[in-house]
Amino acid sequence: MNAGLDFLQRLALLLWLAVLLLFLSSLTALFFASRRVRLDVTVSWYRRRPLGRTTLRPLLLTVAVTIVSALLVQISPLETPTMRLALVLVGAGVTWVAFDWSWKQTSAWMKHQAAENLAWRDRTRSALADLRRQFDAGAARQTACRLLHDILGADHAYLYMRSGDSFTLSASAPSPPESDVSFSGASLLRHELTSGHTYRCLRVMESNGRSRRLWSKGMPARLEAEQSLLSSVDAHVVVPLQDGAALPGLIVLGPRGLGEGYSCEHLRFAEAIASQLVNTLAVCELSRNVLAQSKDVTVAQVSRRAALATRAHLAPPDSFELPDLDFAAEHWMGDQPGGTFYDIVSVPNRAAAFFLAEVPGPDEQAAVRLVQLQALLRTRARAYTEDLAELLESTHRALGTGAADHPPIGLFCARYVSGSGKLQYVNAGVYPPLLIRRTSEGAEIIRMSCGGPPIGVGPEGPRQVGEVEIRPGDLVAIGSAGMAQAPGPECEVWGEPRYIDTVQSWESQRARDIAHLTLHSVFEFTGKNMMAPPRFLIILRPC
């Protein structure tokens, strides 16, 4: 009997020690906490045969009655057995009544909490879905404030976003604050909001809504100033927006209606809205960039189609022959129309005029200027057949004062009279055509660069006309800049040496074949890149 009583005494002592240890641990945590203690505990107990309610309740009742009975026996060692038995019976009855009442109250409270949690889960899911449907940043910010105002019953919700070194008002519900307030990026408030790995809501007012809360251990003067700033917008809770380790913004919530405070469910709801708002704003920014890029691509495609349609109005080169000159022109154009064109015009006295023009600028605008330029050159090629300098000057005057509003035009003009063996030219700022001549010492390259700057560059004086003698065996390659500058697949340009070697390798062929084979070689070198700049080539081969 004494051994049994000793065991019960030790058991009671252990129980009291466990309760005392739990109490002391709670006091220690509260004493050392910097601002608040928020304990979220989730316990999952999996068993193959979980105890049912019909088994658990009697088991707990039995344990409670046993403990009470043992305690009563322990505290009445001097009483008679009859009195001790009476105490045990009374204690067991009281324990049963108290346990039954506690069980019912606890069950009702747990059901109520479960229903509340389920309701808040549904509210949160619905609110997050509403926020995810926003694809405009302004609408998303306004929606977040509206949801917090409507669902939490907050008097107001103000969203402050990072702008430089401070947080400024970005959205509000139901209306903006009366005072224009901004929060510093180096404030105690920002430090408190970002002190943990996961940012949590910060209560800045006590639950009664009448006294400020000491939410920081920073300098008292700074804390007082920031508390006054928060009071000016009637802030009760501050909700951080977390983007990794950054704080892109914060939400200030006012008091709830009827003086009620914010519960843990309210704070979790606000944190979920803040987290979804960060994700929605990122999606909005991505959508905006994609939309802008798609608009740019659409505009570029429309411009290219318009440029190609406009270039269709360019007249083809004249089809004629000269007895002592074999000439041909060919071009390659991928998906970039560009602003380059060539033309060959038959002029009086058994002569031919050759033109290569490069007009920079947007595709559609360049195409319109090319059509205008070709019309001017064709009419003046016959009027100024023997004066190339005056041909360019007249063309410049005909372009009008509007030419000053556009980029300069590069233009090469050449004239060959049958039987003269001489090619006169004016190069106004285009890639120099090449005269390739075979000599006993190898190939001699003469670059035809005489002429002056492009049309429309500063005040223009008299242009210098160049002249070269061309003999049978020579080759003249009048190519656009896209020939030598054609990009290869490994960021290597085709280059002038390859250009010259390729033209020379086909020198025994007809001019048309040389132009075709040269352009095909460049196309193969670029890896058949359709986005490369257009390429134009005129070949002159004296007979």
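Let's start with what helix α8 packs against. Its buried residues pack against α7 (264-311), β8 (340-347), β9 (351-358), α9 (388-399) and β10 (410-417). Keep in mind that this is a predicted model.

Now the helix itself. α8 covers residues 363-383, 21 residues in total. From its first C-alpha to its last, α8 reaches 30 Å. That is close to the 30 Å expected at 1.5 Å a residue. Which residues of α8 are buried? Here is the list: D363, A366, A367, R369, L370, L373, Q374, L376, L377, R378, R380 and A381. Note that arginines are among them, including R378.

R378 comes back in the charge story. Together with D318, D343 and R382, R378 is linked in a network of salt bridges.

On to salt bridges in general. Side chains of opposite charge can pair when their charged atoms come close. How many salt bridges does the structure hold? The count is 19. I'll walk through a few.

Take R288 and E285. Their side chains meet in a salt bridge, 2.8 Å from N to O. Both sit in helix α7, three residues apart, so about one helical turn separates them. E285 is partly exposed, at 38% relative accessibility.

Next, D474 and R437. The closest N and O atoms of this salt bridge are 3.0 Å apart.

Then D130 and R133. Their side chains meet in a salt bridge at 3.7 Å, N to O. Look at the accessibility of each partner. D130 has a relative accessibility of 17%, so it counts as buried. The cut-off for buried is under 20%. R133 has a relative accessible area of 54%, so it is exposed. Exposed means over 50%.

Last, away from the charges, the surface. Which residues form a nonpolar patch there? They are L59, V63, I67 and L71. Together they have about 290 Å² of accessible area. L71 is found in helix α2, residues 53-75. How exposed is L71, and what is the figure? L71 is partly exposed, with a relative accessible area of 32%.

To recap the places to look in the structure. Find α8 and the elements its buried residues pack against. Find the network of D318, D343, R378 and R382. Then turn to the nonpolar patch of L59, V63, I67 and L71 on the surface.

Technical notes
Residues numbered from 1 in each chain as written. Predicted model: local features only at pLDDT ≥ 70, side-chain atom pairs only at ≥ 80, totals over all residues. Heavy atoms only, no water. Helix = DSSP H or I, 4+ residues; strand = E, 2+ residues; numbered from the N terminus. Expected span 1.5 Å × (residues − 1). Buried < 20%, exposed > 50% of the residue type's maximum accessible area, 1.4 Å probe, protein only. Contact = heavy atoms within 4.5 Å. Patch = residues over 30% accessible without salt bridge, like charges linked within 9 Å, V, L, I, M, F, W, Y side chains within 5 Å. Areas by Shrake-Rupley, 256 points an atom, 1.4 Å probe, with all protein chains shown as cover. Salt bridge = Lys/Arg side-chain N within 4 Å of Asp/Glu carboxyl O.
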